[in-house]
Amino acid sequence: MTADARKAHWTLYLYCGWLLLPLYWLLTMAVKRNQDITGTLEVIPARPTLDNFVEIFTNPVWYEAFANSLTYVVVNTLVSVAVALPAAYAFSRYRFLGDRHLFFWLLTNRMAPPAVFLLPFFQLYSAIGLFDTPFAVALAHCLFTVPLAVWILEGFMSAVPRELDEMSRIDGHSRAWFFFRIFIPVIRSGIGVTVFFCFMFSWVELLIARTLTASDAKPIVVVMTRTVSAAGLDWGVLAAAGVLTILPGIAVVWFVRRHLVKGFAMGRV
Amino acid sequence: MRNDKAWLAVLPVVIVVAFTAIVPLMTVVNYSVQDIFDVDTRIFVGLDWYRETLRDPRFIDALLRQVLFSGLVLAIEVPLGIWIARAVPREGPATAAFLIVLAIPLLIPWNVVGTIWQIFARPDIGLLGAAVTAIGLSYNYTGSALDAWITLLLMDVWHWTSLVALLAFAGLASIPRACYQAAELDGANAWQVFRYVELPRLRAVLTIAVMLRLMDSLMIYTEPFVLTGGGPGNSTTFLSQYLTTMAVGQFDLGPAAAFSVLYFLLILLLCWLFYTSVMKGGADDR
């Protein structure tokens, strides 16, 4: 393996093939008619169709669910990064009363199973009138995205030498000016990685999103599980919806692809 | 630099997390010691719900299944992930492409992962199911508990090995080339390079990877919920699924709350045990 670090082993191609095979199957399902799906097993669709996608883009139940999901994911990501930035800066630059304990306690929230919080979340968000809105889901997802954001950002910020802060102070800049005009651009790849992980963990979650929504704010992941049980199995539309839910993730990973390698390279997720 | 005013910068996070974690957690603890008939009628019952939960055979069964599942998942995904990470080229144009392909399963909503495997593994419409049936093996994950377990494990390996692989790759990428050259001069074989050059330097990232896989596999809910619905029978009902049925299916507030507290404590305990043993092992090495 040390002989040529630039060449991929053939087994890696095999593994990537195994990763892509179920996805290929999902894609073929999405362009098949239902009678073809349940009829003969076609590895390559004989009569491809876009009807399933048309159904999703013309049926408000589907496209509104997409909008709901994107709303809470974006709100969650914005809130998480906004509150995590100053906190991560404080953790990386200062020692203060109970800092270690606070940091560790934040991380333990990542270990809490969402199932544990279902009942109190349901009651809490009903009580404050946020139930069945995207904001309830966005806030509830902060349970795991905020600790994660603090953790990742703290890692990136600690890698920036303190001399940068001191130089700016000597130059007579205010702390806020330094933070927004110098520090944030310096750690932008860290912010990219943080956005990626907040987006990812909020986008893929089902249990909390399902419990905190009823009808108006139903996210796409919930519509998928509910339509299946209600209207029989429309495999084609289900597969098409599945394909569409993968696209935002691929878009995000594409935008942060350079930062991502760097972020992972710091050994912090 | 000691500065207690830094608390002001941490305050927003504390407020958000207090709202999303402390308040609900206190509610759960509060419920777990009461028998609740309606909003006004509550009786303090002490630790009765805890005793009842620990004696509940369905809880014990779900717990044993959970531990078996998490153990198997870790035993497969960690070595496989390391092995994949070592196969990815360290630099060059192909590296980014491989990393993106590896990242894709991590970005798919968990219920869609379940759906993908449903249509992939079904013997009638699935490529995998049809292929296995075609070579003459009897395979039906909705009928046989063993087949359901194999399918679930395959699905989890497909879904999460990438996380271990990406983290391990990051660790490998940070090893200086000089370490490899030194090992080559010493005439180390491939295994020795792995054991004495790479593995010690992967300790930190592997700790994170194992911790994440440990806690997440202990929380698994969505994928089996979609794929098998906990069946056949209860053979793939894990802790989260049993708890969800109790909490939002039957609204058994007290028992569900006691269950929740025990569940959370179990995950904390296992993570703590793992973490301290790794840290102790690290101290011995030096």
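In what order do the elements of chain A run from the N terminus on? They run α-α-α-α-α-α-α-α-α-α-α-α-α-α, where helices (H or I, at least four residues) and strands (E, at least two) are DSSP runs numbered from the N terminus. The model is predicted: local features need pLDDT of at least 70 and side-chain atom pairs count only at pLDDT 80 or more, while totals for chains, interfaces and linings use all residues. Residues are numbered from 1 along each chain as its sequence is written, and chains are lettered from A and ligands numbered from 1 in the order in which they are written.

**The two chains**

- Chain A contains 14 helices and zero strands, and its C-alpha trace spans about 75 × 65 × 30 Å along the principal axes.
- Chain B contains 13 helices and two strands, with a C-alpha trace of about 75 × 70 × 35 Å along the principal axes.
- A residue counts as buried if 20 or more other C-beta atoms lie within 10 Å of its own, as exposed if 12 or fewer do, and as partly exposed in between, with C-beta atoms placed from the backbone.
- By this criterion, 43% of the 269 residues of chain A are buried; in chain B the share is 41% of 286 residues.
- Two residues are in contact if their C-beta atoms, placed from the backbone, lie within 7 Å.
- In chain A, 84% of the contacts between residues at least 6 apart in sequence join residues at least 24 apart.
- In chain B, residues 24 or more positions apart account for 70% of the contacts with a separation of 6 or more.

**The interface**

- Chain B contributes 84 residues to the contact and chain A contributes 79 residues.
- On the side of chain B that touches chain A, helix α1 (residues 7-32) of chain B gives the most, with 13 residues.
- That side of chain B divides into 66 nonpolar, 12 polar and six charged residues; Ala, Val, Leu, Ile, Met, Phe, Trp, Tyr, Cys and Pro count as nonpolar, Asp, Glu, Lys and Arg as charged, and the others, Gly among them, as polar.

**Core and helix packing**

- A nonpolar core is a set of buried Ala, Val, Leu, Ile, Met, Phe, Trp, Tyr and Cys residues joined through C-beta atoms within 7 Å.
- The largest such core has 157 residues, of which A84(A), A87(A), V150(A) and A168(B) touch the most other members.
- Helix α7 (residues 134-158) of chain A gives the most to this core, with 16 residues.
- Beyond its neighbours within four places in sequence, A168(B) is in contact with residues including G81(B), I82(B), A85(B) and L202(B).
- The axes of helix α4 (residues 60-93) of chain A and α7(A) come within 6 Å and cross at roughly 35°.
- The residues of the contact of α4(A) with α7(A) comprise 21 nonpolar, eight polar and one charged.

**Local features**

- Helix α12 (residues 239-249) of chain B has eight of its 11 residues buried, among them L239(B), Y242(B) and M246(B).
- Just after α12(B), F251(B) adopts a positive phi of about 55°.
- K32(A) lies in the loop between α1 (10-30) and α2 (34-38) of chain A.
- K32(A) counts as buried because 25 other C-beta atoms lie within 10 Å.
- Not counting residues up to four places away in sequence, K32(A) touches I37(A), P45(A) and G236(A).

Key. Axes are lines fitted to C-alpha atoms, for helices over the stretch in contact, and angles run from 0 to 180 degrees between N-to-C directions.
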